[in-house]
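Dear colleague,

Here is the structure we spoke about, with the sequence alongside. My notes on what turned up in it follow below.

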Amino acid sequence: MTPLLLKIPKSSRDGVVRRGETRKEAQMKTLILQQLDIIEHAFGVRILYACESGSRAWGFASQDSDWDVRFIYGHLPEWYLSIDVERKRDVIEQMVGKFDLSGWDLRKSLWLFHKSNPPLIEWLTSPLVYVDRYDLAAK
């Protein structure tokens, strides 16, 4: 099987603090990108888009707020071409410490976008984006 293209650019994981970002935010972003990498390898998927959702994304997180990471992922073509694709699980959910990671398959995401699903619209307009391959949110 050939993996889906592209890797997270090194500049996204280098630990450098970006303008307007605290050192803790930079460290958490690095940890989040590592968790997303783990999910890609564990589930055999490619994360196309990942963002922060909820209170932290919109600037009203408390000290106790977790990191609500939401993502859209794609499988290898064989997964979509199987005759039982309708019965396959199209959601990935992981709780790792303070990270609440939850993602939807691209096919499911497109169907929900067609139905104007509010959580998906929130994800695509989040001001805190971790991964955006192929400029997915804009398309």
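Trp-79 has a relative accessibility of 16% in this predicted model, and because buried means under 20%, Trp-79 counts as buried. Tyr-80, at a relative accessible area of 25%, is partly exposed. The two rings form an aromatic pair, with 5.0 Å from centre to centre and 80° between the planes, which makes the pair edge-to-face.

In total there are 3 aromatic pairs. One of them joins Trp-104 and Trp-123, whose ring centres lie 4.4 Å apart and whose planes meet at 35°, so this pair is tilted. Since Trp-104 belongs to strand S4 (residues 99-105) and Trp-123 to helix H5 (residues 118-124), the pair ties together parts that are 19 residues apart in sequence. Both Trp-104 and Trp-123 are buried.

Lys-108 lies over Trp-104, at 5.9 Å from the ring centre, while Arg-56 lies over the face of Trp-67, at 3.8 Å from the ring centre.

Turning to the charged pairs, the whole structure holds 6 salt bridges. Glu-40 takes part in a salt bridge with Arg-46, at 2.9 Å from N to O, and in another with Arg-133, where the closest N and O atoms are 3.4 Å apart. The pair of Glu-40 and Arg-133 links distant parts of the chain, since Glu-40 sits in helix H2 (residues 23-43) and Arg-133 in the segment after strand S5 (129-132), 93 residues away. Glu-40 is buried, with a relative accessible area of 5%, and Arg-46 is likewise buried, at 11%; Arg-133 is buried as well. A further salt bridge brings together the side chains of Asp-68 and Arg-70, at 3.8 Å from N to O, and here too both partners are buried, Asp-68 with a relative accessible area of 13% and Arg-70 with 14%. Through shared partners, Glu-40, Arg-46 and Arg-133 are joined into one network.

Helix H2, which carries Glu-40, has 21 residues and reaches 30 Å from its first C-alpha to its last, close to the 30 Å expected at 1.5 Å a residue. After H2 comes Gly-44, with a positive phi near 65°.

Leaving aside residues up to four places away in sequence, Tyr-130 touches Lys-29, Ile-32, Leu-33 and Leu-36, together with Ala-50, Cys-51, Glu-52, Trp-67 and Val-69.

Definitions and conventions: Residues numbered from 1 in each chain as written. Predicted model: local features only at pLDDT ≥ 70, side-chain atom pairs only at ≥ 80, totals over all residues. Heavy atoms only, no water. Phe/Tyr/Trp six-rings, centres within 6.5 Å; stacked < 30°, edge-to-face > 60°. Buried < 20%, exposed > 50% of the residue type's maximum accessible area, 1.4 Å probe, protein only. Helix = DSSP H or I, 4+ residues; strand = E, 2+ residues; numbered from the N terminus. Lys NZ or Arg CZ within 6 Å of the ring centre and 35° of its normal. Salt bridge = Lys/Arg side-chain N within 4 Å of Asp/Glu carboxyl O. Expected span 1.5 Å × (residues − 1). Contact = heavy atoms within 4.5 Å.
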